[in-house]
Amino acid sequence: MGSYRSEEDYDYLFKVVLIGDSGVGKSNLLSRFTKNEFSQQSKSTIGVEFATRTIDVDDKIVKAQIWDTAGQERYRAITSAYYRGAVGALLVYDITRHVTFQNVARWLKELRDHTDQKIVVMLVGNKADLRHLRAIPTDDSKGFAERENTFFMETSALEALNVENAFTEVLTQIYRVVSKKALDAGDDPESLPAGQTINIGNDVSAAKEDGCCSG
């Protein structure tokens, strides 16, 4: 935008969570998106960590508050507080480790058990730079994403491949849901009682047809 923007200057604040097995690169995806940094030293996140970044979507300022699982995933004990208020999620696996992809279904179930069923989810196959070590074919992941009505991208936090795209796509889709909800409510205040779920299934399908989800 050219002009200096205050951290407090935003139109929307969205909480997005990172989930997936330990060691798949969640913390590096977060640091690449929010600080454009990557650490070669793999270390478990200790304590609850989140970082923020603002982006522009349709001339609105969207601030993302992105939470990292804080190493809790090692103990299968992610608390409900971690998920509370989340409107988007990046579900991350490592394309070179098949077990991390096998566990994606369990992570997705846990996510949906603790959040609104219509949460915007991006399945992320990270470490795409390790092409020679690939263990999960892209088509397998695409098939899973289509069955579960999620988005899908392959990323490399190391090479900064698709990291920006993955986060931005999630935030854009959340914004579209929220702005549509506000618009609908404005047209007819009776049409959306408090707490009514917004069905975004059709929006997701349409976006897929636009080609947003290819690896």
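Author: Leu 13 stands opposite Lys 63, a residue of strand 3. Strands here are DSSP runs of E with at least two residues; helices are runs of H or I with at least four; both are numbered from the N terminus. Residue numbers start from 1 along each chain as its sequence is written, and side-chain values use heavy atoms, leaving out hydrogens and water. This is a predicted model, where local features need pLDDT of at least 70 and side-chain atom pairs count only at pLDDT 80 or more, while totals for chains, interfaces and linings use all residues.

Stay with strand 3. It runs over residues 60–68, and eight of its nine residues are buried, so the rest of the structure largely encloses it. Buried means under 20% relative accessible area, exposed over 50%, and partly exposed in between (1.4 Å probe, protein chains only).

Now its partners. Two strands pair if DSSP finds at least two bridges between them. Strand 1 (residues 12–19) pairs with strand 3 in the parallel sense, over six bridges. Strand 2 (residues 49–57) pairs with strand 3 in the antiparallel sense, over nine bridges. On that side, Glu 49 stands opposite Asp 68 of strand 3. Strands 2 and 3 form a hairpin with two residues between them, and there Asp 58 takes a positive phi near 50 degrees.

Next, strand 4. This strand covers residues 86–94 and includes Gly 88. Gly 88 counts as buried, at 0% relative accessibility. Its C-alpha atom is 9.2 Å from that of Ile 66, a residue 22 places away along the chain. Leaving out residues up to four places away in sequence, Gly 88 touches Lys 15, Val 16, Val 17, Ile 119, Val 120, Val 170 and Ile 174. A contact means heavy atoms within 4.5 Å.

Lys 15 also meets a ring. Its charged end sits over Trp 67, 3.7 Å from the ring centre. For such a call, NZ of Lys or CZ of Arg must be within 6 Å of the ring centre and within 35 degrees of the ring normal. Trp 67 has ring partners too: ring pairs link Phe 50, Trp 67, Tyr 82 and Tyr 83 into a cluster. Rings of Phe, Tyr and Trp (its six-membered ring) pair if their centres lie within 6.5 Å; planes under 30 degrees apart are stacked, over 60 edge-to-face, and the rest tilted.

Across the whole structure, a search finds eight aromatic pairs. In one of them, Phe 33 and Phe 167 have ring centres 4.3 Å apart and planes at 15 degrees, so the pair is stacked. Phe 33 belongs to helix 1 (residues 26–35) and Phe 167 to helix 6 (residues 163–187), so the pair ties together parts 134 residues apart in sequence. Phe 33 is buried, at 2% relative accessible area. Phe 167 is buried too, at 2%. Arg 53 lies over the face of Phe 33, 4.4 Å from the ring centre.

Step back to the whole chain. It has seven helices and six strands. Their order along the sequence is β-α-β-β-α-β-α-α-β-α-β-α-α. Of its 215 residues, 47% are buried. Take the contacts between residues at least 6 apart in sequence: 75% of them join residues at least 24 apart.
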